Amino acid sequence: ERIAVYGDYDVDGVTSLSSLYLYLTSLGAEVTCYIPNRATEGYGMSVDAVRRLAEEGVTLIITVDTGITARDEIAYADSLGVDTVVTDHHECHTDLPDCAAVVNPHRPDCPYPFKELAGVGVVFKFMCACEAVRAAVSPIEALDAVGRQFMDLVAIGTIADVMPLDGENRFIVSRGLAMLNCTE
């Protein structure tokens, strides 16, 4: 499939998009990125952007740090034959979008104990789950493998989105800052 990672224009959205793009392309996926223009498109998904992506041959949109309220845009994507997976960390104010999957710790039916992940933290968990399945490894091994590649970006997005630095966020930021300290 041709995949579009549909992000937000803030630091959390850009680090989410960058992490998922790099992860998917490292697996050989054909991936394009889309970040709406803040001045002309505003926040979130738009029908025009979905139409353009479909015209470019995109058959799967994965949202990062956005999408939880994009019911109409996701329904439009579906009418064009484009599947959608939503990864988001914002509160669920309405019914969930009707799509392939909604990954959000704020879902009313989500038992996940730590609700304060940034959007990039949700993407990180999504990549860890994908890696565990892809490589047939334990969740801890997947976390270690994905963390070695992306924890620096996850930390930057978590800090920039002013998430509380406790629980999993404290682990993410601690490991990510240690990684940043050793980069070229």
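In strand β5, Ala101 is the bridge partner of Val85; helices and strands here are DSSP runs (H or I over at least four residues for helices, E over at least two for strands), numbered from the N terminus. This is a predicted model, so local features need pLDDT of at least 70 and side-chain atom pairs count only at pLDDT 80 or more, while totals for chains, interfaces and linings use all residues. Residues are numbered from 1 along each chain as its sequence is written, and side-chain values use heavy atoms, with hydrogens and water left out.

Zooming out, β4 and β5 sit in an open sheet of five strands, ordered β2-β1-β3-β4-β5 and paired in parallel. At the edges are β2 (30-34) and β5 (101-103), each of which pairs on one side only. On average, neighbouring strands of the sheet are turned by 20° against each other, ignoring direction; axes are lines fitted to C-alpha atoms, for helices over the stretch in contact, and angles run from 0 to 180 degrees between N-to-C directions.

Further into the sheet, β1 and β3 pair in parallel over four bridges, and Ala4 has Ile61 of β3 as its bridge partner. Strand β4 (residues 83-87) is largely enclosed by the rest of the structure, because four of its five residues are buried (under 20% relative accessible area; exposed is over 50% and partly exposed in between, with a 1.4 Å probe and protein chains only). Helix α2 (residues 47-55) lies across β1, β2 and β3, and runs at about 155° to β2.

What holds the nonpolar side chains together? The largest nonpolar core has 29 residues, and Leu20, Leu24, Phe124 and Met127 touch the most other members. A nonpolar core here is a set of buried Ala, Val, Leu, Ile, Met, Phe, Trp, Tyr and Cys residues joined through side-chain atoms within 4.5 Å. Two or more residues each come from β1 (2-6), α1 (11-26), β3 (60-64), α4 (119-135) and α5 (139-160), with α4 giving the most, at seven residues. Leu20 touches Val5, Ile62, Val64, Val123, Phe126 and Met127, leaving out residues up to four places away in sequence; contact means heavy atoms within 4.5 Å. There is also a second, separate core of 17 residues, which includes Ala70, Ile74, Ala77 and Val86.Helices α4 and α5 pack at an angle of about 170°, with axes 9 Å apart. That makes α4 roughly antiparallel to α5 (over 145 degrees; under 35 counts as roughly parallel, 65 to 115 as roughly perpendicular and the rest as oblique). On the α4 side, the contact residues include Val120, Phe124 and Met127, and on the α5 side they include Leu153, Val154, Gly157 and Thr158.

Two residues from this interface are worth a look. Val120 lies in helix α4 and is buried, with a relative accessible area of 0%. Apart from neighbours within four places in sequence, Val120 is in contact with Asp12, Thr15, Ser16, Ser19, Leu153, Val154, Gly157 and Thr158. Val120 and Ala145 are 25 residues apart in sequence, and their C-alpha atoms are 16 Å apart in space. Thr158, found in helix α5, also counts as buried, at 0% relative accessibility. Besides Val120, the residues that Thr158 touches include Ala118, Met163, Asn169, Ile172 and Val173, not counting residues up to four places away in sequence.

Most residues other than glycine have a negative phi. Ala136, in the loop between α4 and α5, has a positive phi near 50°, and Ala136 is exposed, with a relative accessible area of 67%. Val162 has a positive phi as well, of about 55°, although it is not a glycine. Val162 is found in the loop between α5 and α6 (167-180) and counts as exposed, at 70% relative accessibility.

Methods
Pairing = 2+ DSSP bridges.
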